[in-house]
Amino acid sequence: MQTRAMRWLLILACIFTQSPLLAESEEDARQHFPDVPDAWVEAVKYRNQYFSLGVLFGALLDYTVFDQDQQSIVQVGKQENEFESRSVRLLFAGKLDFLGPWAYLVAAEYNGYDRAPGDRAFYFVDVSLERRFANGSGSLRIGKQKQPFVYEMVGDSANLMQHERFLEPFFVSRGWGVGYTHTWLEKRLGMQAGWYNNWFAEGGSFSGKGNQWAVRITGLPIWRDEGARLLHLGISARYQEDEDEFLRYRGRPGSHVTDFYVDSGDFEADYALHLGLEALWQAENLTIVGEFVKAWVRADSVGNPQFHGYYVTASYLFNGELRPYDTMVRYSRRVRPGGGWGALEPFVRFGRVNLDDAGIEGGRMEKWYVGLNWWATRRWKMSVGYGDIELDRFGAVGITKQALFRLQWIGP
């Protein structure tokens, strides 16, 4: 009975990973679950001579409160206070030993308790096969996956200092395609590249869905004390063809429950080229990260507009271990408290997005955001944030004030 209970508890113990957690050996398994009893490590997986299987689960729960002035209500409508199951995810991952060094990942997201009649309860977030190189220097992934563009999108959402991403108009979360990852110089230099086209899953014509290419190159010019002090620098590019002869840029103000605040609307275009610059500085308990993205759009009908956005975020950890840096995905992972009452992490953030140029009036948005994360354990986090959003659109400036409360379980 005790073993059965352990197995069910382990099923509820993991979420938000970019690669399967199942390891080929017990030593590898201990790296993923360093503080979990041995019986639990065995319970997380099923393995035979042909394949292995793990069933993982996790959730983020939010409640958001808004206060708008009249100009804001005219611009975007009344934003209602709302509870949301921000992310409730089932994930299946493992090895396909009969094929060699291949792993698989299938993740399904719960579609929300208030979904429309007829909508599916779950939809697929990730569906991929990955071949890992024997020397650990890289991998090849095929299927639905993240595109390597924009630092805050590449990593896991549950690991972010802030609650939500801000550069939403410039990235595509996931796409169907082929991705390649490689590292050099003892993982001090890394590259991620891929080609994507959703025609495979959505149907229609191949050219109508628009080919997308993305590449991200990152380096660690400073790496000291096993990552306690580091400087990460990166540059990325993304090429986006039109979809049925149209493109569209739109984004929310760092909130998943609001309407879109900046929005170009659909406009005739041929393609767009995006450039991203990113930097991360970590000096023990202090972390500072910033990004700048610019888009050049080939759209003669509206004067070939150029859009841009940026943000800077800083946080400081009290009574916690360092935020670990993952040299494969080139991203900082979640905080692992040292014990006791966990770790407190205050943070501050400022960002700006401009979708006004040439013949497009998508709006200009700025946001200040401050908050506090309490990493109670390796698995539990509770946090609160407050933001002030200024939107310049339709000849007026509107102000929205936002408070967000989050409870999340992110697994071992």
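Predicted model: local features only at pLDDT ≥ 70, side-chain atom pairs only at ≥ 80, totals over all residues.
Tutor: Welcome! Local features here need pLDDT of at least 70 and side-chain atom pairs count only at pLDDT 80 or more, while totals for chains, interfaces and linings use all residues. Residues are numbered from 1 along each chain as its sequence is written, and side-chain values use heavy atoms, leaving out hydrogens and water.

Student: How many of the nine residues of strand β4 are buried?

Tutor: Strands are DSSP runs of E with at least two residues, numbered from the N terminus, and β4 covers residues 102-110. Buried means under 20% relative accessible area, exposed over 50%, and partly exposed in between (1.4 Å probe, protein chains only). β4 is largely enclosed by the rest of the structure, because the buried residues number seven of the nine.

Student: In which sense do β4 and strand β5 pair?

Tutor: Two strands pair if DSSP finds at least two bridges between them. Ala 108 has Phe 124 in β5 as its bridge partner. Over nine bridges, β4 and β5 (residues 122-132) pair in a sense that is antiparallel.

Student: And which residue in the hairpin of β3 and β4 takes a positive phi?

Tutor: β3 (residues 82-95) pairs with β4 in the antiparallel sense over seven bridges, and Lys 95 stands opposite Ala 103. Six residues lie between the strands, and the one with a positive phi near 105° is Gly 100.

Student: Is Glu 226 buried or exposed?

Tutor: Glu 226 sits in the loop between β9 (212-224) and β10 (229-241). Its relative accessibility is 77%, so Glu 226 counts as exposed.

Note on methods:
Helix = DSSP H or I, 4+ residues; strand = E, 2+ residues; numbered from the N terminus.
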